[in-house]
Amino acid sequence: MSKDVAKERSMIIQKEMIANHFMALSTAKETGKKVVYTFVPGNISELILSFDMLPVYPEINALQSGMRKKSGDYIRDAEQHGHSEDVCTYVKCDVGMMINGNIGPTGEKIPNPDLLLLSYTGCFTFLKWFETLERLYPGVPVALLHTPYQEAHKITPEMTAYMVKQLKEEVIPKMEQVSGNKYDEEKLKAALRNSSKVEQHIINIFDTTKHRPSPIDAYFAGVYYIGPINSGFRGTPQAVDYYAELYKEILERIDNKLGPITPEGVMEEERFRLVVEGPPNWTHFREFWKLFYDMGAVIVASSYTKVGGVYDMGFRVNPDKPLESLAEYCMNCYTNLNLQQRVDLLSKCITDYHADGFLVNSIKSCNSFSAGQLMIMQQLERKLEIPIGFIESDLVDPRYFSYSNIKNRLESFFQMLEQRKMIINRA
Amino acid sequence: MKKYFLGIDLGSTTSKAIIIDENDNIIGRGITNTRANYTVATEIARLEATYNARFTLLKMKLQDEIESRPDYKRYIRDVESVFQYLQFKRRLDRLSVEFRDTISTTFSGEKRDAISGYVDGIVSRIGPSVLDEFLTGQLGSKNQFFRDIVSERYNKEIAGLGKDFFEPMMLVYDKSITKVENELTEYDFRELVDHSMALLNDKYAGLGESSSEESGLAFDSELNLLKGNYKRIYDSLKGHIGFVAGLDIHITDMVGTGYGRALLPFPEKSIRSEILCHAFGAHAVFPDTRTVLDIGGQDTKAIQVDSHGLVTSFYMNDRCAAGCGRYLGYIADEFNISLNELGPLAIEATKEVNICSTCTVFAAAEIRELLNVGQKRSDILAGLHRAIVMRAMSLLARSGGVRNEFTFTGGVARNQAVLKYVSDLVLQNYGKDIKINVHSDSIFMGALGGAMFARRNVIN
């Protein structure tokens, strides 16, 4: 890869934020801060921060290990530890990292957990993951927040009440016990006010893909954009500043009619606009991205950037109802939507952002995403008559990224889109 | 000058070439299984397609005579068969040289002499028997490869030799065949056609004196006519053949597709994905096609197309090639029969043995197990064919199902047993009203689509 990768100002800010966070984690023992391990989907980081504790997200560590080419060895070690080939590779990568001293992406040691907060139960693997962590860190307290699935296309008042009850009776008491601090609702409300601003910024940012050329790539760059909010900065003033700066930069790009920034500079010509479903592959992230920007394909929306929370359909946290907001936020994350809701959301993206095609990257490891993708594809094809593409890879297991297979299918997909454009233009 | 367009499909197992005219009519086909490299493969397929095109043009030129006179038609057919045989014979001669080479460098003393004796005998018997099959069995139209034709006969000959010689004889064959297969042999069309006609005239001349068995020609009414007429037909044909031999088959544009496409020295507009080409080819031959199933050497594609032949979605096997052509090749090896014998044997089955393995390698172990417990070969084969089709059905389902009309393409579509199960299962799962199309040129659909794209490149 070329050394002089093009970077936006906000990327530099983000890098500092993340570095500071890992620095705080590595010195947690000295500063006496307690550490909570939790997950990205529906992460209630505001609550963790209101107790002055620090969050750790094992999935983020796993994807970072994947990008830094360490996941292959970690997975091998986890498999030697007894995890089978079919187990989610995020889990195995995380377990492998812990076996090898739990050194995080910045090279600093990640402290052991003082609390395991299982905030999203829609993914069954998460339950098993934390059971494994519980064995690796004997005696660590576990707080379980059961998240009801949006089976009937909506969140009912009973579902919210059920979750608020768990927050009050299970999560908050455990946090008080571990942190030694009392629950401070004003502090939580202040954090939620920040979150609410950030959520609006995020919506504005991802909405800029309406422009032609799209000023951003909502998948490959999008995963960087959602970095801060999904790795410790929900509810912080830094997040508000970061997203304000990012939005400002993107508006400048629009004024200058600039396309998205890729690792090799600004994309010159926008040839295809795509909506992508499913997480990216992390082990070959650059190669994977290059397959798209080389073809002039820009992603105008992706479901993966909604993995932490979905704000497209109008949801915002309400600081006046803090616990209810946290509950609804959790239940609103992308993989907690039922399949019909996902189809509706994706079809809104395809229409609003004028996509030429819809592509699924089906991930071997991830049932939360992959189950139902064929049904989603067929429904979208029927409903919108949009060309559909399908590729397969994995999150962080390098053995499951076949460059030639993916290239072959993408080439066919892009030629298919081109042919269709020619016909439409002629007509 | 007339314009012609070339499509090259460099598949995982075979390379195909198609030449079309300005009206999308197929006039030439060429195919090779050489594994030399894609440049050689392209040349072999292209040359074969060009020879074939000359015969097609000849037949188009003489359409009236062919339609009104059966002896005329027969004569041309026989010339083409002998022409194909002569190509085969040159390769066989090359193989014979290679055999001698291998034997002299691998063996010594009495063993060498004995092996040489066996091999010479086999080669001398293969030649005439194959000529007979080209003439009477239309071997040339079956798209069989040199390797298949020779190995089928070679294997039969050495089957009875006993184990002292069986292994060395196999070694000689395996060491020699690849070189010959990977060699590009160019022929002078004119010279080869003249030679073919001379051979044929001798045959016809002999018809009066000998029985049909000795002449290598089955006796029938067309031949009866030819017996007295061949000289006159020959005289009138000579000029026409000279004309097509001298024709410049000018390729105006070409498009390459298939796995090797990136290696072709073609400009970007001349490289197309095989998904688009297969769909386009299948749609050209059967314009009401909406779903295409293509089973090739190493992949299976389920493609949905719209009324213009444009792809709307596709689905391909990933990570595992069980259920493709190579699976059949592997199974044929396990049963020690040729690929062409698989389908017919499976059709004879009285039941289908259930094959559990979805993996090619495991299936081989399962076959041995089943043979050990006394299952019949044909029944096992029927089960294997069904297993392949079940995989294709799952792919079809994932791609969005089968819509009317359904066109089955790829090399595997020539296997009668696969075709039977595809038909049965498509009708069973998607309704009896689905029309199922299979074309005798099914293996050429990708190359045809490529040639059609080439023609459109020029128009646009």
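Colleague: In what order do the four strands of the open sheet of chain A stand?
Modeller: In this predicted model, the pairing of the strands in this open sheet of chain A is parallel. From one strand to the next, the twist averages 25°. The order of the four strands is β2-β1-β3-β4.

Colleague: Which strands of chain A stand at the edges of that sheet, and why is one side of each left without a neighbour?
Modeller: A strand at the edge has a single partner strand, so one of its sides has no neighbour in the sheet. In chain A this applies to β2 (54–56) and β4 (142–144).

Colleague: Which residue of β3(A) is the bridge partner of Y37(A)?
Modeller: Strand β1 of chain A covers residues 35–37, and strand β3 of chain A covers residues 115–118. The two run parallel and are joined by two bridges. In β3(A), the partner of Y37(A) is L116(A).

Colleague: Which helix of chain A packs on the sheet, touching β1, β3 and β4?
Modeller: The direction of this helix makes about 170° with that of β3(A). The helix spans residues 124–136 of chain A and is α7.

Colleague: Which element gives the largest share of the side of domain 1 of chain A that touches domain 2 of chain A?
Modeller: Chain A is assigned domain 1 (12–185) and domain 2 (188–426), with C-alpha centres 23 Å apart. Their contact takes 50 residues from domain 1 of chain A and 48 residues from domain 2 of chain A. On the domain 1 side, the elements giving two or more residues include α1 (9–26), α4 (58–67) and α8 (157–179) of chain A. The largest share is six residues, and the element that gives it is α4(A).

Colleague: How many charged residues are on the side of domain 1 of chain B that touches domain 3 of chain B?
Modeller: The assignment for chain B places 1–61 + 250–286 + 447–460 in domain 1 and 287–438 in domain 3. The C-alpha centres of these domains of chain B lie 26 Å apart, and 13 residues of domain 1 are in contact with 22 residues of domain 3. By class, the domain 1 side has seven nonpolar and six polar residues, and the number of charged residues is none.

Colleague: How many residues does the largest nonpolar core have?
Modeller: Among the residues with the most contacts inside this core are V275(A) and I18(B). Beyond its neighbours within four places in sequence, I18(B) is in contact with residues including I26(B), F444(B) and A451(B). A451(B) is also one of those with the most contacts inside the core, whose number of residues is 246.

Terms used. Residues are numbered from 1 along each chain as its sequence is written. Chains are lettered from A and ligands numbered from 1 in the order in which they are written. This is a predicted model: local features need pLDDT of at least 70, side-chain atom pairs count only at pLDDT 80 or more; totals for chains, interfaces and linings use all residues. A nonpolar core is a set of buried Ala, Val, Leu, Ile, Met, Phe, Trp, Tyr and Cys residues joined through C-beta atoms within 7 Å. A residue is buried if 20 or more other C-beta atoms lie within 10 Å of its own, exposed if 12 or fewer, and partly exposed in between; C-beta atoms are placed from the backbone. Two residues are in contact if their C-beta atoms, placed from the backbone, lie within 7 Å. Two strands pair if DSSP finds at least two bridges between them. Axes are lines fitted to C-alpha atoms, for helices over the stretch in contact, and angles run from 0 to 180 degrees between N-to-C directions. Domain bounds come from an automatic or database domain assignment. Ala, Val, Leu, Ile, Met, Phe, Trp, Tyr, Cys and Pro count as nonpolar, Asp, Glu, Lys and Arg as charged, and the others, Gly among them, as polar.
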